[in-house]
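Visitor: I have a few minutes before my next run. Can you walk me through this one?

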Amino acid sequence: MLDKIMIFFAKDALEIYAVLFVIAFFALPKRDVEHRHALVMAGLSGILALVINVVISHVWFRPRPFTVLPHGTYTELVAHNTDASFPSDHASGSWGFAGGSWGHNTKRISRTFTVIAIIVMFARVYVGVHYPTDVLAGMVVGILSGKIMWTFSRFIYPLSTRIAKIFKFGPSARSAKQSKGRSHLA
């Protein structure tokens with residue numbers, strides 16, 4: 001059973017975060033644009049972490065454990081490409097989401113993202129596709145990505161508010177609805 005849980009988190013971390021992002025985006029109070037912006041920033045932090053990983057993996061290639069360890073010394077639970085192991089993309093993206101939400105989103109969202117990031121780190125090592133230092137480096141890249149993205153928050157805020165308006169979230173969406181109702185009364 002533990003193998004199945006670890007395989008799930010090792011393989012499906014991106015899908016887990018995508019589902020949680022959508023649920024959180026629509027579950028927040030209708031007028032709460034700030035926390036929706038924080039979700040966008042967390043998502044962008046995860047993307048930035050993956051971009052940074054591409055650069056790192058081109059500078060330093062580390063083979064995956066299952067490609068160098070002697071057969072019979074490990075159990076490969078997940079089939080994987082033999083691309084670079086360092087740093088872990090899954091850990092970087094997960095910690096990008098988590099680190100990007102710290103101090104800016106609700107505690108429930110930040111804690112959930114962080115717990116999942118921790119599980120993903122263990123899962124990627126458990127299934128045999130990363131060394132512990134791969135996921136630790138991924139954690140560092142993800143957290144730094146969150147910090148970097150928040151330095152550019154003011155430039156991204158207009159995009160976040162536009163996305164919220166598309167779904168009729170935010171204070172202006174309610175004002176527009178009320179003024180529309182008043183124009184029918186006139």
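Guide: First, a term: a helix here is a DSSP run of H or I with at least four residues, and helices are numbered from the N terminus. S153, for example, lies in helix α8. Keep in mind that this is a predicted model.

Visitor: How many helices and strands does the protein have?

Guide: There are nine helices and zero strands. Along the sequence the pattern reads α-α-α-α-α-α-α-α-α.

Visitor: What does the C-alpha trace span along its principal axes?

Guide: About 80 × 35 × 25 Å.

Visitor: And what share of the residues count as buried?

Guide: 41% of the 186 residues.

Visitor: What part of the contacts comes from residues 24 or more positions apart?

Guide: Such pairs account for 76% of the contacts with a separation of 6 or more.

Visitor: Back to S153. Buried or exposed?

Guide: S153 has a relative accessible area of 12%, so it counts as buried, the cut-off being under 20%.

Visitor: What does S153 touch?

Guide: H37 and M41, leaving out residues up to four places away in sequence.

Visitor: Let's do helix pairs. How do the axes of α2 and α6 cross?

Guide: Helix α2 covers residues 13-27 and helix α6 covers residues 107-126; their axes come within 11 Å and cross at roughly 175°. Angles over 145 degrees count as roughly antiparallel, so α2 is roughly antiparallel to α6.

Visitor: Which residues meet there?

Guide: From α2, the residues are A13, I16, Y17, L20 and A24. On the α6 side they meet I109, T112, F113, I116, A117 and V120. By class, the contact of α2 with α6 has ten nonpolar residues, one polar and no charged.

Visitor: Take I109 from that list. Buried or exposed?

Guide: I109, in helix α6, counts as buried at 9% relative accessibility. Beyond four places in sequence, I109 touches A24, L28 and L39.

Visitor: How are the C-alpha atoms of I109 and H35 separated?

Guide: By 9.6 Å, with the two residues 74 apart along the chain.

Visitor: What lines the largest pocket?

Guide: The lining has 15 residues, and L14, G46, L50, G93 and F97 are the ones nearest the centre of the pocket. By class, nine of the lining residues are nonpolar, five are polar and one is charged.

Visitor: Which helices supply the lining?

Guide: α2, α3 (33-59) and α5 (89-101) each supply at least two residues. The most comes from α3, with six residues.

Visitor: Enough helices. Where does Y131 lie?

Guide: Y131 lies in the loop between α6 and α7 (132-151). At 23% relative accessibility, Y131 counts as partly exposed.

Visitor: What does Y131 touch?

Guide: Not counting residues up to four places away, Y131 touches R62, P63, R64, P65, V68, S85 and V125. As for H104, which is 27 residues away from Y131 along the chain, the C-alpha atoms of the two are separated by 31 Å.

Visitor: One more loop. What is phi of K168 near?

Guide: Phi of K168 is near 60°, a positive value in a residue other than glycine. K168 lies in the loop between α8 (153-166) and α9 (171-185).

Visitor: K168, then: buried or exposed?

Guide: Exposed, at 56% relative accessibility. The cut-off for exposed is over 50%, which is why K168 falls in that class.

Notes:
Residues numbered from 1 in each chain as written. Predicted model: local features only at pLDDT ≥ 70, side-chain atom pairs only at ≥ 80, totals over all residues. Heavy atoms only, no water. Axes fitted to C-alpha atoms, helices over the stretch in contact; angles between N-to-C directions. Parallel < 35°, antiparallel > 145°, perpendicular 65-115°, else oblique. Contact = heavy atoms within 4.5 Å. Nonpolar A, V, L, I, M, F, W, Y, C, P; charged D, E, K, R; others polar. 1 Å grid on protein atoms, 1.4 Å probe; cavity = no way out; pocket = protein on both sides within 12 Å on 5 of 7 lines; lining within 4 Å. Buried < 20%, exposed > 50% of the residue type's maximum accessible area, 1.4 Å probe, protein only.
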